[in-house]
Amino acid sequence: MSSPIKWQKSSYSGGGEGNACVEVALDHPRISVRDSKTPTRAVLTFPTPAFAAFLTALRHPAGE
């Protein structure tokens with residue numbers, strides 16, 4: 001039996017109640033992403049290496 005995944009909100013979640021963001025969870029061997037405003041709706045999943053490459057591209061955009 002698998003344990004439920006632990007969701008984490010982005011540290012850039014904004015003001016107020018901090019619900020205007022995405023949440024991510026390690027769901028080995030994938031990374032799951034959901035909208036914090038509607039957590040029971042669709043979840044996107046990505047292979048861990050693809051998500052890591054995405055984060056690297058955000059930190060270091062082409063042309064910089």
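Which residue in β4 is the bridge partner of valine 33? In this predicted model, the partner of valine 33 in β4 is leucine 44. Residues are numbered from 1 along each chain as its sequence is written, and side-chain values use heavy atoms, with hydrogens and water left out. As the model is a prediction, local features need pLDDT of at least 70 and side-chain atom pairs count only at pLDDT 80 or more, while totals for chains, interfaces and linings use all residues.

Confidence comes next. The chain has a mean pLDDT of 84, with 83% of its residues at 70 or more; pLDDT is the predictor's confidence in each residue, on a scale from 0 to 100. Elements here are DSSP runs numbered from the N terminus: helices are H or I over at least four residues, and strands are E over at least two.

The sheet is open and holds 4 strands in the order β1-β2-β3-β4, with antiparallel pairing. β1 (8–9) and β4 stand at its edges with a single partner strand each, so one side of each has no neighbour in the sheet. Helix α1 (residues 48–59) packs on the sheet and touches β2, β3 and β4, contact being heavy atoms within 4.5 Å. The direction of α1 makes about 95° with that of β4; axes are lines fitted to C-alpha atoms, for helices over the stretch in contact, and angles run from 0 to 180 degrees between N-to-C directions.

Strands count as paired if DSSP finds at least two bridges between them. Antiparallel β1 and β2 are joined by 2 bridges, and glutamine 8 has valine 24 in β2 as its bridge partner. Between β2 (residues 22–27) and β3 (residues 30–35), also antiparallel, there are 6 bridges. Within β3, serine 32 is the bridge partner of alanine 25, and arginine 34 that of glutamate 23. β2 and β3 make a hairpin with 2 residues between them. Proline 29 lies in this loop and is joined to histidine 28 by a cis peptide bond, with omega about 10°. A further 4 bridges link β3 to β4 (residues 44–47) in antiparallel fashion, and isoleucine 31 stands opposite phenylalanine 46 in β4.

Finally, there is the question of open space. The largest pocket holds about 360 Å³ and is lined by 14 residues, of which Ser10, Val22, Phe51, Leu55 and Leu58 lie nearest its centre. On a 1 Å grid over the protein atoms alone, a pocket is an open set of points where a 1.4 Å probe fits, with protein on both sides within 12 Å along at least five of seven lines; lining residues have an atom within 4 Å of a point. Grid points are joined across faces, edges and corners, and the volume is the space filled by probe spheres set on them. β1, β2 and α1 each give two or more residues to the lining, and α1 gives the most, with 5.
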